[in-house]
Structures are given as C-alpha cells and as structure tokens.
Amino acid sequence: MSTAPFRIGYGYDIHRLAEGESLIIGGVSIPSNFGTVAHSDGDVLLHAISDALLGALALGDIGEHFPDTDPAWRGVSSLDLLARCHAMVRERGYEIANLDATLVLERPKVLPYRDAMRSTIAAALELDSGQVSLKATTGEAMGFVGRGEGVDAHAMVLLTKRS
Ligand code: MG
C-alpha cells in the first residue's frame, strides 16, 4: 500500500429512470413520479462517491465489493455502502480531505435538496459540510439525461494520510 501523503480518487455512476421508482439522491428522498431502476436504492450520487473513495486507494469498485447478484446487498441503503467504503479507507490510514461531486439530472430541480444532501453525506463520512461540495447540472435537453431516461453523477475525493 502506498505511503503517499495524498491520494486522489474519481467515481462515476449512472442509473436508468423509470416511473413508479423512488428517487433517492445523496441519501435524501426526493418527491418525484419517477426514480432510479436498481437492486439497491439506486443512489447514483452515493455510488459515485463510494467509487471515488475506493478508487483513491485502488481498491476496485462497489460493483465488485457489493455485487447486486448477492441477495445480501439487495435493497441495501447506499449510505451503508458509503460507510463501508469509508471504513476501508480509514483502515488503511487515510482520511478524507474533501470531496467534490456533480449530479447530472434533467428534473426535478435538486437545488432545494442540495444542502440536505450535503449534510447527509457529511454526517455519513464524519466530515464538515464545508468538506463536501455538491453541484448539479442538467443535460440541456440533450442525450439520455436530457430525455429523462437516466441520471449520472461524477465525484472526486482527496485523501490525506493520517499522521
Ligand atoms: Mg449505481
């Protein structure tokens, strides 16, 4: 394992959207008549952040650690998966300096939920809200996001070695 003082990680996730599914983003349930199609709660943002945490230490990805073919992970809260990824990071002597994420969703507007998402993510990772940046954009009516067929999220995280 690296002893570098810093490690950077990137994560990406994408989910299809369908009517009648629940829309949970950043651990926050958003009222909507459509939501993500997934075996888990389909929290695209937490999946991207979890993959960024694993990626920073070259630990693989959440699909490998928590396969949706395993009944143990069916319907599991993504906050739980995020906490497990964070534990793997801490076990290896690193802590999160900051994370920065972007959600790409056509509708509904997520701005009213952004601070709730930030504080939920910060609490799950034992961070201050100032260490958690969350941005959102639309697909500008283009592509799968613009057509409302799906949602995706990007996340970057910087880890520092605990002294
Ligand atoms: Mg996912």
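Me: What makes Asp 13, His 15 and His 47 the protein donors of the magnesium ion?

Reply: In this predicted model, Asp 13 (OD), His 15 (NE2) and His 47 (ND1) lie 2.1 to 2.2 Å from the magnesium ion, and because a donor is an N, O or S atom within 2.8 Å of the metal, these atoms count as donors. Along the sequence their spacing reads D-x1-H-x31-H, and the pair of His 15 in strand 1 (residues 6-19) and His 47 in helix 1, 32 residues apart, links distant parts of the chain.

Me: Why is His 15 called buried? And why is His 47 called buried?

Reply: Buried means under 20% relative accessible area; His 15 has 12% relative accessibility and therefore counts as buried, and His 47, at 7%, therefore counts as buried too.

Me: Which residues lie nearest the centre of the largest pocket, and how do its lining residues divide?

Reply: Of the 18 residues that line the largest pocket, Ser 40, His 47, Ile 62, Phe 66 and Asp 68 lie nearest its centre, while the pocket has a volume of about 310 Å³. The lining divides into eight nonpolar, five polar and five charged residues, and its largest share, three residues, comes from strand 1.

Me: How do you know which residues Leu 53 touches?

Reply: Contact means heavy atoms within 4.5 Å, and, leaving aside residues up to four places away in sequence, Leu 53 touches Leu 82, Cys 85, His 86, Val 89, Ile 96, Leu 125, Val 157 and Leu 159. Leu 53 is also one of the residues with the most contacts inside the largest nonpolar core, which has 45 residues; the largest share of this core, nine residues, comes from helix 1.

Methods:
Residues numbered from 1 in each chain as written. Predicted model: local features only at pLDDT ≥ 70, side-chain atom pairs only at ≥ 80, totals over all residues. Heavy atoms only, no water. Core = buried A, V, L, I, M, F, W, Y, C linked by side-chain atoms within 4.5 Å. Buried < 20%, exposed > 50% of the residue type's maximum accessible area, 1.4 Å probe, protein only. Helix = DSSP H or I, 4+ residues; strand = E, 2+ residues; numbered from the N terminus. Donors = N, O, S within 2.8 Å, 3.2 Å for Na, K, Ca; no water. 1 Å grid on protein atoms, 1.4 Å probe; cavity = no way out; pocket = protein on both sides within 12 Å on 5 of 7 lines; lining within 4 Å. Points joined across faces, edges and corners; volume = space filled by probe spheres on them. Nonpolar A, V, L, I, M, F, W, Y, C, P; charged D, E, K, R; others polar.
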